[in-house]
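Notebook open, model loaded. I wanted to look at cavities first, then at some packing around them.

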Amino acid sequence: MLEFLNKSGSHFDLSMALLILLNDAEEGFHDWFVFGELGLDGIVKENIQLYPLILSLANQNLIQKAIVPKEALDKLQKIPNVTFFGVESLNEAVALLKEQENLVIQSQSNELPHPNFEINGEKLYYIKEYKEDFYDVKGQEVAKRASIIAAAGFHNIILEGSPGCGKSMIANRLRYILPALSNSEILEIAKLDVLEGDEPTFKPHRSFKNPHHSSTSASIFGGGSHKAKIGEVGLAHNGILFFDELPHFSKNVLESLREPMQDGKIRISRVNSKVNYPANFLFVGAMNPCPCGNLLDETKECRCNELEIQRYKNRLSDPFLDRVDINVVMQNVAADDQPSYSSKEMHKVVLEAQIFARQRGQKSFNGKMSDEEIEHFCIIESGAKDVLDLAVNRFALSFRSIKKLQKVARTIADLVQSTEIKKEHMLEALSYRRR
């Protein structure tokens, strides 16, 4: 009994036409994949769905060779371990399959033209482009130090301070000092670019998503009545998700964010489909200390009463805040504050910490380590253990808070190439604890 499936997407056009034309052919085509939109004049055209579809098949080792539109070769040849044959028309595709023994390989995977370093047989790529530089941020040395730690370990961070103190400036510059990317991560980011409707650049730049606080839950997490489309959380995978004016986001959005912050994936369930998207991002939040913003200002008077301030703070629940590793309270910029570190200098420190962590066999970032990885990689010397035990008793820390301190301390130790977490590293990690 034949089973019929509805065709969804024009990328099936070429394969369906070839099945009809070559129905009586004696050659076998079982190991071929064919993709392309077919015009009425027989011209094979590119389709926006091709790159993410083929990349997903390649990641599952399901595809070795494929016929694709010739105009898509430059983009598709970045995918490794797949041989592509580009065609411009239906006639070319027919001729290609009929002469399989005389095929000439048209496309091989190209090396990415970016600076890189190799660790344990894997190349990691980075780029020295700092369109927004930390050198522009005057003062705020604590926030800059916290930014280096957050970038190196992919630790979730919240910046709190009065309007104009530099919270958004720091968040926007953080994207340029993030760790280097593997080839697979660059391809994954390119896939997300395509899903968002952008042309992929294949540059080792991590994504930066900054939804407005008035955005709907569907636009942030994904959705749709018929197909489960990806949202900003999924598009921020391997990059930064920045929530400015954090307490102004709806309670539903903030509470729903707890799952991807914890598990590194987002689940979208609809009547017709259920999809899991990876969402391993660095969360950055920025907020004022009170509704009017002047609570920490030394020159302006706060207009809020205690009840208003408490309501404002209560918009962020303890379970949500418990998933944030680093909390920084920023002071106003003084007239004599001067620039200090540049993004180039900060990026160099982050890359060195990444190399140090990878050389000990660690693959995940410190901020995303599992309990087993924490046990294996977070080696704590006796002095640091005493500090941690004292903090547990004094502040009644939860199990998650203890693990969070260990992960932040591990990153601080990596920044100075220390194999063990020492007392000073644990003390600094405690200074970023939420109060």
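I am working from a predicted model. With that rule I get 2 cavities of 30 Å³ or more.

Entry one, the largest cavity. I get a volume of about 100 Å³ for the largest cavity. Its lining has 13 residues, and Ala152, Gln354, Ala357, Ser364 and Phe365 lie nearest the centre. I checked which helices take part: α5, α14 and α17 (399-415) each supply at least two lining residues, and α14 gives the most, with 4. By class I noted 4 nonpolar, 6 polar and 3 charged residues in this lining.

Entry two, the second largest cavity. The volume here is about 80 Å³. Among the residues lining this one are Tyr126, Arg175, Pro204 and His347. I have the classes down as 8 nonpolar, 2 polar and 2 charged.

I looked up how α5 and α14 (residues 343-359) pack: the angle is about 35°, with the axes 9 Å apart. Their crossing is right-handed. From α5 the contact uses Lys144, Ser147, Ile148, Ala151 and Ala152, and from α14 it uses Met346, Val349, Val350 and Ala353. That contact has 7 nonpolar, 1 polar and 1 charged residues.

Where does histidine 155 sit? I find histidine 155 in the loop between α5 (141-153) and β8 (157-160). Histidine 155 counts as buried because its relative accessible area is 0%, and the cut-off is under 20%. Its contacts include Leu282, Phe283, Asp325, Asn366 and Lys407.

Technical notes
Residues are numbered from 1 along each chain as its sequence is written. This is a predicted model: local features need pLDDT of at least 70, side-chain atom pairs count only at pLDDT 80 or more; totals for chains, interfaces and linings use all residues. Side-chain values use heavy atoms; hydrogens and water are left out. Buried means under 20% relative accessible area, exposed over 50%, partly exposed in between (1.4 Å probe, protein chains only). Contact means heavy atoms within 4.5 Å. Axes are lines fitted to C-alpha atoms, for helices over the stretch in contact, and angles run from 0 to 180 degrees between N-to-C directions. A crossing is left-handed if the near helix is turned anticlockwise from the far one by less than a right angle, and right-handed if clockwise. Ala, Val, Leu, Ile, Met, Phe, Trp, Tyr, Cys and Pro count as nonpolar, Asp, Glu, Lys and Arg as charged, and the others, Gly among them, as polar. On a 1 Å grid over the protein atoms alone, a cavity is a set of points where a 1.4 Å probe fits but cannot get out, and a pocket is an open set with protein on both sides within 12 Å along at least five of seven lines; lining residues have an atom within 4 Å of a point. Grid points are joined across faces, edges and corners, and a volume is the space filled by probe spheres set on the points. Lists of a residue's contacts leave out its neighbours within four places in sequence.
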